[in-house]
Amino acid sequence: MSKYNMHILVCGGTSCHSSESDAIVCNLRDELEAKGLTDKVQVILTGCFGFCEKGPIVKIMPDNTYYVQVKPEDAQAIIEEHIIKGRKVTRLLFKDPETKEPIADSKQTGLFKKQLRIVLRNCGFINPENIDEYIARDGYMALGKAISEMTPQDVIKIIKDSGQRGRGGAGFPTGLKWEIASKNKSDEKYVVCNADEGDPGAFMDRSVLEGDPHSVLEAMAICGYSIGASKGLIYIRAEYPLAIQRLKVALQQAREYGLLGNNILGTGFSFDISLRYGAGAFVCGEETALIHSMEGLRGEPTIKPPFPAEAGFRGKPTNVNNVETFAAIPVIILKGAEWYSSIGTAKSKGTKVFALAGKINNVGLIEVPMGTTLREVIFEIGGGIRKGKKFKAVQTGGPSGGCLTEKHLDLPIDFDNLVSAGSMMGSGGMIVMDEDDCMVSVAKFYLEFTVEESCGKCSPCRIGNKRLHELLNHITDGKGTMGDIDRLRNMSNVIKDTALCGLGQTSPNPVLSTIDNFMDEYVAHVRDKKCPAGKCKNLMEYFIVAENCVGCTACARVCPVNAISGQRKEVHQINPAVCIKCGACMEKCKFDAIIIR
Amino acid sequence: METIKLTIDNKEVEVEKGTTILKASRQIGIEIPTLCYLHLEDLNIENKPGGCRICVVEVQGRRNLAPACSTKCDQGMVVRTHTTRVLNARRTVMEFILSDHPKDCLVCSKSGNCELQDMAHRLGIREIPGSEYAAVSTYKPDTSPSIKRNLDKCIMCRRCEMMCNEVQTVGALSAVNRGFMAAVAPAFEQNLEHSTCTYCGQCVAVCPTGALTEVDNTPEVLRALADPTKTVVVQTAPAVRAALGELFGMEPGTLVTGKMVTALRALGFDYIFDTDFAADLTIMEEGTELLGRLTRHLNGDKTARLPILTSCCPGWVNFFEEYFPDLKDVPSTSKSPQQMFGAIAKTYFADKIKVDRKDLVVVSIMPCLAKKYECQRDEFSTDGNRDVDFSLSTRELAAFIKQANIDLNNLEEGEFDAPLGESTGAGVIFGTTGGVIEAACRTAYEIYTGKKLDRLDFTELRGLEGVRAATLDFNGLKLNIGIAHGLGNARKLLDDVRSGKSQFHAIEVMACPGGCIGGGGQPLHHGNSEIIKARAAAIYNEDRKKPLRKSHENPFIIKLYEEFLGKPNSEKAHHLLHTRYFDKKKKIIVKQN
C-alpha cells in the first residue's frame, strides 16, 4: 500500500452494492483519472463496514473520514474537496442522532466506539478479491505456522484453551469438536463450513464471506490439518451470489498461491475446498440436515448420535463449523489462546457479531466482546430507539430466540446468560422492538416463519407449531380464552421437550418468552379484546373524534370501501361493520380527528 | 458381548451394548407405545426415523425427552417411561397427530385395524382440543390400478418410504414439500401410475393408517356373481390359505384351504379352482425352458443366456422392466400362474364347459396388489377381454366373506373343483420365498437326470435370508441357484447379472420380503415377523401332506398337455402360456415454464 498516499474504501457488501456502490467506484476512478491522481490515490471496493443503515459508505484513509449515504454523483465533490483541497464534505458526514453534529472520524461514532473487531477485522478494510491484501494483513500466516511449526494436537490445544465456542447457535466448544473429529479414525474426513445463514435479517456470515473470504478458507485448512481431513466443503445458500462469487475468486487465488491444493507450502499437507449450494431451507442450518442436503438427499435432520464427528458427510467423520467460528481461528492461532480467552466472560470467550435490526437508529453489523450488555449494544452502539420511542423488547437468537425486556438490559451477553433469560445466542440476530409493537403479533410472526421452515419430519414441530400459530391467530382475532394461554404454554413446552432437532426444540421460545414477559398483553387480547399496541386489526376500531373533525371529506374520499359517511363541514362517521381497517383515512386526515381505539 | 446396566421404571436391566431403550424395556415387560417405529426382526427391516415422538421417555440428566426407539442405552442410565411429564408430552403429541387427521373413522377402510386408532384408544384420548379451527393438511388423492393413496390420513411415519427406498429400492415414494404440508409422494407431483412404482404393495402392508390401501375390486366381482349370464370362476393363490384365517381370529399359520373353498362356494362362485394348478403348469413350462437354455448353454450356444430368472411375480416383472430393461431377455418368458390360469380357463376350460370367453369371468384371490395391475396388462387380454378379469387381495376376500354373513371358523372343509383345482405340493410352496425354485428343481432334476428324486425337501433353498445361494447336484452337474426376496435384494443379484459376474444358473425372485406370504394384499402383520414365519411353516406343512409333490406328476397337468397343449414349450404353449417384456423405464420430463 506504500505507493499511494491515500485510499478510498468503498463498501461492496450486498446492501451497499445494491445502492450502486459499483457506480461510486467508477465515478471516483474517473474523477481521479481526470485529475491525474491515479498513482496517488487508490479506490478499493471492500466488504461490509457494518453500517448498512447509512450505506453506501465511503471511507477515506488514513484520516478515517467516514461518508455515509453516498451517491455516485458525490464522487466529484469527494475528489475535489476532500482529496485535492483537504476539506471534508460536511453534508456527507454521519450526524450524531442526538446532537445532530457531524462526526468525521468513524472511530468516534457510537457505532464503532465499543466494538472489538476480530471476526470482522478485514471487512471494510481490504479488497476481498485480492489475496495480496489479505496476506498483507497477516493472512495465511496462521496456516503456515500451524502446518510447519505445530502438530495437529498443538492446534487443537490452542483452540481448546482459547475457550472458543461455536458461533452457529448452540455454543459447543470448537476445540472439543475438532478433537473428537481428530480421534475418529477414517480413510477420509471432511471439514464443512456452514454458511447456510437462515435467520431472517441476519447477515453476519454473508458479510464475512463477502468482505474477507480468505479468513474462512485459511481456517478450514487449519481445521483440516488438525483433524486429518484433506477435503473441505462450504455449504452456502444460493441466494448469496456475491459471497459465492468472492469465494470462487478467493479459492482460485489461494490455489494459484499454493495455499490450497496439494502439498501446501511444501509441508506435504494437502487440502482443497469446494462449494455446495443450498436452496435456502432454514432447517439445513442444522448440521445433520445440512449434510443430507450436501449428499443430495432431502434436507432433513436425523437423530444424534451419531454426531457428524463420527459419521457425517458420506458416513465419514465430519467437522461442521459456522463461518464466524472459522473466521476467528487464524487470529487465535497467531495471537494465542491466552489473548483470546482474556476477552469475554467466564464461559463465553471472544467476540460475537450481531446483526442489529428493528426499531433502532443504527441498523447494521457489529462485533462486540462477549459480556457487553444489551443496553450498551442497543443504546450506545445501536444509537437507541428510533423516533425517540420507548424500548419494549429485544429479540435475540433469530426466529427461535426469545424476547427480552427492560429488566434484561443490563444482562452481559453470553451463551449461558441468554439461555437462562429465556432466549438464546443463536447465530446473532438482534431485533429491537418499541412501544408500537404488539408482542402477541411478534410471537405470531416468528411462529409463521418456523411453521414455514419446519421440515415436517417430527410431529411436534410439523403439527405443533402450526397449532401454536393457529391459536395465536385465534387470540389476535379476539376469540381467545384465558385457557388458551395455558394451552399455548403447554403446547410450547411439549414441542420443546419432544421435537427432533434444534429447530423444533427452540421454535416455541418466542411464544414462551412473550407469555413470560408480556402476560398483560396476552390478557388484554384475551379478556379485554384489545391490542394495547394497536396492531391487531380485529381488535381495533377506527373512530372519528367529533371535536377534531372539520368535515373536509378527505377521509370519506380516500376510503376504499365507502365506510365513512357525513356531509361537507359536518362531523363524519365510520361504519365499523364495513371498515376494513386499512388506515388510509387516518393517514389522510390533517386534523388528527381519526384515532384507533 | 459387552453389556450395560440401566434402570427403567425402577427396574434394573442388563442389555447388550447398542440396545435401544425401547428394546431394553421390552426385555422387562415394559411396553412403551410406538407409532412410526416398525421392526420386522427376521427380515432385517427396521424403520426408526424418530419422527412421531410417541415413544418419548424421561432420561435422568437429559435436557429434553428421548425417543425410546432410537436412543441407545448408556451405562447407569435412569429411564422413566410414565412420569407426568412423559404422559403429558405423549398425550399432547398424540393430540397434535390426531388434530391433523380426518375424523372419518366410522367409514375408513382401516377402521378396527388402524394403528393410529388403537394408539388413540390406548392413550385414552377423548377429545382433540382446538380441532374446530385446526387446519388439516391435504394432498391430492391418487388411485392407480393397484393402490389408493389418501394422504390426508398420512401421519408421516415414513414406513412406506423406507420400504419403497431402502428395502425395495424402487424409489417411487419419498417425502415432498415441507412442514405442515409435507407428504410422502412420487417426485414432481406425479401420480403413482406415472412413477417407478412396481405395485409390490409393501407400502400398503406397513401403512399404520388408511392413507395407503388397495383398490377394492369387490363390487365388480359382486356384480359378476349377480349376473345370470356369467359363469364365474375363481382361483386362489397358495399364500392366501395360509393367512386368511388371521382375519377371522385364527392363529397365524392356520391353514384354511378347505374352509376357504366352502366360503367361496357359498359366495356363489361357479367353479372353485386353485392357482396351485397353474403353478404346476408354470413349473412344466419354466422348468423346460430352464433345461433347454441350460443344455444349449452347456453345448456352447452363446445365445442361450443364463441365469434364467423366474417370472411369476408381477412386482418383480415391473421392477426389471423399469430398472433393468436391458436384461429383459434374461427372465423366463413363462407367464405367472395367475395369467397361465386365466389363459387356460378362457380357452381350454371355456371350450370344455361350452361357454364363450366373454361370458366367463375369471376372478383371482391373491396375496398381492401387483396382480391387480398384472391382469390389466394389454398383452393379457384377447379382443379386450381379459384372461383374468378381477384380482382380489386376501384382505378383500375376508371382508367379502364377512359381508356375506359367513363365519369362516364354522365352515366344513370343501374340495376344489376339477379339472383346474388339482395341484401338487410343488404348486403350494410357490407362496413362499425359495418355493418356486424348489418346485422347479423337483421337476427339472427328474427330467434332466431321468432318476427319481429321493429327497424332496430342498431345505438348503429355504429360510428368510434376503439373498441365498445353494448348489444342487444334478447327477454331476453342479447347478448354482440364487434366491432373492425383496426387490432391493433382487437388485443386488441383477447388478451382478448385468456386469457379467453372476455365477448362477437360475435365480428365483419374489418382490415381497418373505415371498407371497408377506405380500401387499395379505392381512397386516403390524411389524410382527413371527406371523410371516408362521405362514411359511403352514405352506411347507401343506406341501408335506400332499400325496403328490412334484408338478409333472399332477394328473390333470398331464391330461392338459395330452388333450390340449401338446408338450411343454410347444407352439401352442408358447402362444398361451408365455409372454414378453417391455422397456418401461420412466423418462422424467420436467416441464419448462
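Visitor: What makes strands E8(B) and E9(B) a pair?
Guide: 2 bridges join E8(B) to strand E9 (residues 147-149) of chain B, and the two run antiparallel. Pairing requires at least two bridges found by DSSP between two strands, so E8(B) and E9(B) qualify. B:Thr143 stands opposite B:Lys148 in E9(B). This is a predicted model: local features need pLDDT of at least 70, side-chain atom pairs count only at pLDDT 80 or more, and totals for chains, interfaces and linings use all residues. Residues are numbered from 1 along each chain as its sequence is written, with chains lettered from A and ligands numbered from 1 in the order in which they are written.

Visitor: Why are E8 and E12 of chain B called edge strands?
Guide: The open sheet has 3 strands in the order E8-E9-E12 (chain B), with antiparallel pairing. Strand E8 (142-143) and strand E12 (212-214) each pair on one side only. Strands here are DSSP runs of E, at least two residues; helices are runs of H or I, at least four; both are numbered from the N terminus.

Visitor: How do you know which residues of chain B touch chain A?
Guide: Two residues are in contact if their C-beta atoms, placed from the backbone, lie within 7 Å. The contact takes 30 residues from chain B and 29 residues from chain A.

Visitor: Which element of chain B supplies the largest share of that side?
Guide: H2(B), with 7 residues. Helix H2 spans 84-99.

Visitor: What makes a residue on that side nonpolar, polar or charged?
Guide: Ala, Val, Leu, Ile, Met, Phe, Trp, Tyr, Cys and Pro count as nonpolar, Asp, Glu, Lys and Arg as charged, and the others, Gly among them, as polar. The side of chain B divides into 17 nonpolar, 10 polar and 3 charged.
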